[in-house]
2 protein chains.
Amino acid sequence: MIGHDALLTDLYQLTMLQGYLEAGMTETAVFEFFVRRLPPGWSFFIAAGLAQAVDYLEQLRFHEADLAWLAASGRFSHAVVEYLGHLRFTGDVDALPEGSCCFPDEPIVRITAPLPVAQLVESRLINLLHFQTLIASKAARLRLAAPDKLLVDFGLRRAHGGEAALFAARASYLAGFDGSATTLAAPRFAIPVFGTMAHSYVQAHVSEVRAFESFARAQPDNVVLLIDTYDTEEGAQRVVEVAPRLAAAGIRIKAVRIDSGDLAGHARRVRAILDDGGLTEVGIFASSSLDETDLVRFRAERVPIDGFGVGTRLTTCADHPYLDCAYKLQEYAGQPRRKRSEGKQTWPGRKQVWRRYAAGELAGDTLALEGEAIAGTPLLVEVVRSGQRRAELEDLAAARAHAAAEIAALPEPLKQLAATTPYPVTVSSGLRALAVEVDRRTAGGGPKGEA
Amino acid sequence: MIGHDALLTDLYQLTMLQGYLEAGMTETAVFEFFVRRLPPGWSFFIAAGLAQAVDYLEQLRFHEADLAWLAASGRFSHAVVEYLGHLRFTGDVDALPEGSCCFPDEPIVRITAPLPVAQLVESRLINLLHFQTLIASKAARLRLAAPDKLLVDFGLRRAHGGEAALFAARASYLAGFDGSATTLAAPRFAIPVFGTMAHSYVQAHVSEVRAFESFARAQPDNVVLLIDTYDTEEGAQRVVEVAPRLAAAGIRIKAVRIDSGDLAGHARRVRAILDDGGLTEVGIFASSSLDETDLVRFRAERVPIDGFGVGTRLTTCADHPYLDCAYKLQEYAGQPRRKRSEGKQTWPGRKQVWRRYAAGELAGDTLALEGEAIAGTPLLVEVVRSGQRRAELEDLAAARAHAAAEIAALPEPLKQLAATTPYPVTVSSGLRALAVEVDRRTAGGGPKGEA
């Protein structure tokens with residue numbers, strides 16, 4: 001499901017590689033992955049996807065079939081095919097640990113490698129880092145909207161392909177979800193998995209009551225009954241009806257699930273029906289196109305729902321299904337570089353982010369050059385050196401704990417879901433000076449005399 | 001990259017399977033995949049993803065490691081693990097050929113199989129069919145917005161994972177794109193691939209002119225020069241500067257690319273610069289957050305752009321990144337079934353769609369029961385019978401031709417990008433009568449006496 005195919009890259013990475021090789025441009029390049037701006041209403045990002053990015057770099061190989069295709073395409077020289085056949089990632093990776101809070105323009109991952117290689121890996125690196133960072137950030141917002149509820153990823157079916165479903169399960173768990181309905185997330189990432197029943201289960205039985213009983217007897221430790229196939233409140237009544245028979249068999253109903261209509265209104269009426277029927281311990285679980293705005297409203301209105309399945313709007317990040325992110329050349333052969341395209345300017349050079357804390361809260365970041373003397377804690381850490389992992393990457397549980405601590409330490413206004421006060425990120429004087437110098441040097445697209 | 005893992009399913013499919021087996025409910029079930037409603041402004045869907053859905057069903061196997069995980073999870077009986085170990089898809093598939101235009105409530109794929117199997121495959125089938133249908137439909141809108149321009153999928157980096165990138169390349173090509181920048185789309189699906197250069201290529205060189213020359217000499221048959229790294233119009237001037245030197249070496253510049261700022265304004269000024277420099281044959285290719293609204297505007301304003309790279313907004317379908325689709329039980333053991341949840345009611349029974357044409361145009365569809373005598377052409381065709389393909393599925397080229405013909409035959413108002421007149425889909429009297437009958441039979445969640 002999660003495979004790394006060397007040809008999963010934009011064709012231009014390969015055509016540029018040929019250009020670099022022919023021009024002898026194989027010196028060290030520094031690229032940084034960062035996000036340019038926050039989606040409307042957002043206040044922060046949660047960095048995620050590093051584990052898969054490092055796996056990709058470590059596994060990067062052009063196999064015989066890839067090389068055969070490249071050779072047969074007629075687009076590439078023999079030297080290029082030869083070079084790709086021997087290509088391994090022997091560079092460095094510096095990165096924010098997964099689960100870190102971060103902000104626009106801050107490098108999340110930095111790659112230092114020979115130019116053709118650092119360029120080649122751009123497409124898949126962005127593909128891996130962008131999506132998990134997107135989903136982790138979205139999931140953190142959902143978690144902030146419902147701090148004390150069970151939150152489960154229900155989004156496999158509408159995720160954009162199988163890899164997206166698995167990555168969404170991982171990224172949402174990392175950012176504070178309790179688990180996923182996607183079975184494969186358990187063997188693959190040791191993520192807790194949750195499951196109830198579908199409408200078809202109820203429909204297939206001759207009656208709702210029969211469906212409830214057969215399900216409970218087959219899954220006595222996990223009895224969550226879906227009550228809205230025909231009529232939600234009647235469904236709740238039927239739960240009250242079957243509860244004593246199940247109790248007699250030693251089976252406890254854990255919860256009911258509502259998946260349609262006015263969830264708040266149904267939940268209140270269902271709560272009353274269950275309580276009247278003596279089922280005060282039976283929880284209410286809800287799903288159906290939920291987003292953080294719904295969770296905030298339910299919380300404000302004290303709607304008696306104990307847990308939520310969040311599907312489509314989590315795994316597609318439906319309100320903003322992408323981040324404006326980039327992977328940009330910041331230095332080549334020791335010379336800082338910068339892109340100046342309108343609205344897409346970047347800060348040049350190898351950068352580091354320093355974070356200051358005050359009373360246990362994040363108090364402000366400084367984006368600076370790597371060597372500058374800046375107050376605070378440097379956030380980017382060494383991950384890979386000369387193609388070798390510096391240490392084991394933090395595992396998912398550690399990244400999840402890190403994300404929880406980071407989110408808890410956010411200033412209160414940033415925990416609100418409508419962004420008002422942006423987090424202070426200062427650009428160091430050293431970095432500003434370098435940008436001016438690089439602009440001067442490349443004014444007019446490079447030194448005139450060089451053409 | 002595209003693998004089918006049997007555990008890539010929602011956990012509840014497996015818990016329900018245990019319920020079905022324990023209740024002896026293994027008779028034939030009929031499920032249909034369909035979309036409930038059109039996103040705002042849309043007028044039609046393009047069915048896509050069937051080839052991958054059939055591959056999935058054919059390859060469905062629980063391997064030793066899967067079975068071991070299931071057994072160790074403690075959630076499943078020995079009988080369930082045993083059943084899954086022998087499970088193969090031996091059912092039927094009926095479907096709209098890929099590339100077909102379709103409309104809300106019309107079945108796109110119908111699965112007929114023993115209930116536990118037809119249920120189990122729901123999650124991945126939706127995951128496969130939903131995404132490609134979404135992207136094919138979006139791509140068809142982009143193609144309608146720019147009928148005579150080169151359109152290339154640029155969306156690998158922001159697609160939701162690797163599978164999404166590949167499927168988006170496939171679905172957009174199927175619906176009329178000229179190709180993709182994703183290299184792997186060529187060996188995997190025989191899709192034409194396109195590539196130019198990135199800003200980093202220009203930045204890495206000492207000057208823009210050096211970058212243009214080195215690229216052109218390395219890729220003499222595919223010279224597309226990116227001119228906006230520093231200043232777009234100056235970049236165009238530099239193209240004029242290098243053109244004679246390249247021409248002397250027998251190298252023709254095919255196009256320039258603009259990737260930032262006011263694309264229309266830049267394109268006009270760049271066209272003038274190129275024309276003044278005698279480069280009237282050099283095309284202009286544009287990219288940068290493009291969507292169909294931009295393409296419509298450029299066309300109306302006769303902006304001199306010859307081709308577009310469409311990335312994020314295509315591969316994430318950013319304006320509406322999901323379809324409200326479902327896979328619902330319509331019949332079990334010969335009995336029609338129906339879900340009545342608020343806002344999510346379904347039409348019961350095995351259905352067929354009949355399409356009428358007038359003067360070569362689509363004139364209206366009837367959604368009816370399979371056996372009804374209805375005027376028109378039935379759209380769902382036999383694809384798999386008892387687990388065996390009826391014939392080779394149409395290949396991608398045939399599906400692409402089919403989509404082009406279908407879109408060409410749409411009534412003119414449906415080709416507009418702001419939907420006004422909905423396409424007429426009539427529900428047959430037989431189907432309406434059956435819905436009433438099923439409701440009567442299941443009023444109150446099933447026959448009272450059955451509990």
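## Basis of the model

This is a predicted model, in which local features need pLDDT of at least 70, side-chain atom pairs count only at pLDDT 80 or more, and totals for chains, interfaces and linings use all residues. Residues are numbered from 1 along each chain as its sequence is written, while chains are lettered from A and ligands numbered from 1 in the order in which they are written.

## Helix packing

In chain A, the axes of helix α6 (residues 122–145) and helix α13 (residues 292–300) come within 8 Å and cross at roughly 10°; axes are lines fitted to C-alpha atoms, for helices over the stretch in contact, with angles from 0 to 180 degrees between N-to-C directions. α6(A) and α13(A) are therefore roughly parallel to each other. A:R141, A:L142 and A:A145 of α6(A) meet A:E292, A:L295, A:V296 and A:R299 of α13(A) (contact: C-beta atoms, placed from the backbone, within 7 Å). These residues comprise 4 nonpolar, no polar and 3 charged (Ala, Val, Leu, Ile, Met, Phe, Trp, Tyr, Cys and Pro count as nonpolar, Asp, Glu, Lys and Arg as charged, the others, Gly among them, as polar).

In chain B, helix α7 (residues 162–174) packs with helix α15 (residues 396–408) at an angle of about 50°, the axes being 8 Å apart. α7(B) and α15(B) are therefore oblique to each other. B:R170, B:Y173 and B:L174 of α7(B) touch B:L396, B:A399, B:R400 and B:A403 of α15(B), a set with 5 nonpolar, no polar and 2 charged residues.

## A parallel sheet in chain A

An open sheet of 6 strands in chain A runs in the order β7-β6-β11-β10-β9-β8, with parallel pairing (helices, H or I, at least four residues, and strands, E, at least two, are DSSP runs numbered from the N terminus; strands pair if DSSP finds at least two bridges between them). At its edges lie β7 (179–180) and β8 (224–226) of chain A, each pairing on one side only.

Strand β9 (residues 255–258) of chain A pairs with β10 (residues 283–287) of chain A over 4 bridges in the parallel sense. A:I258 has A:A286 in β10(A) as its bridge partner.

## The two chains together

Chain A is superposed on chain B by a rotation of 180° with 0.0 Å of shift along its axis (RMSD 0.0 Å), fitted by least squares on the C-alpha atoms of residues with pLDDT of at least 70 in both. The two copies are thus related as by a two-fold rotation axis. Both use the same surface, since 100% of the contact residues of chain A recur in chain B.

The contact takes 96 residues from chain A and 96 residues from chain B. On the side of chain A that touches chain B, α1(A) gives the largest share, 8 residues. That side has 40 nonpolar, 35 polar and 21 charged residues.

Definitions and conventions:
Angles under 35 degrees count as roughly parallel, over 145 as roughly antiparallel, 65 to 115 as roughly perpendicular and the rest as oblique. Two residues are in contact if their C-beta atoms, placed from the backbone, lie within 7 Å.
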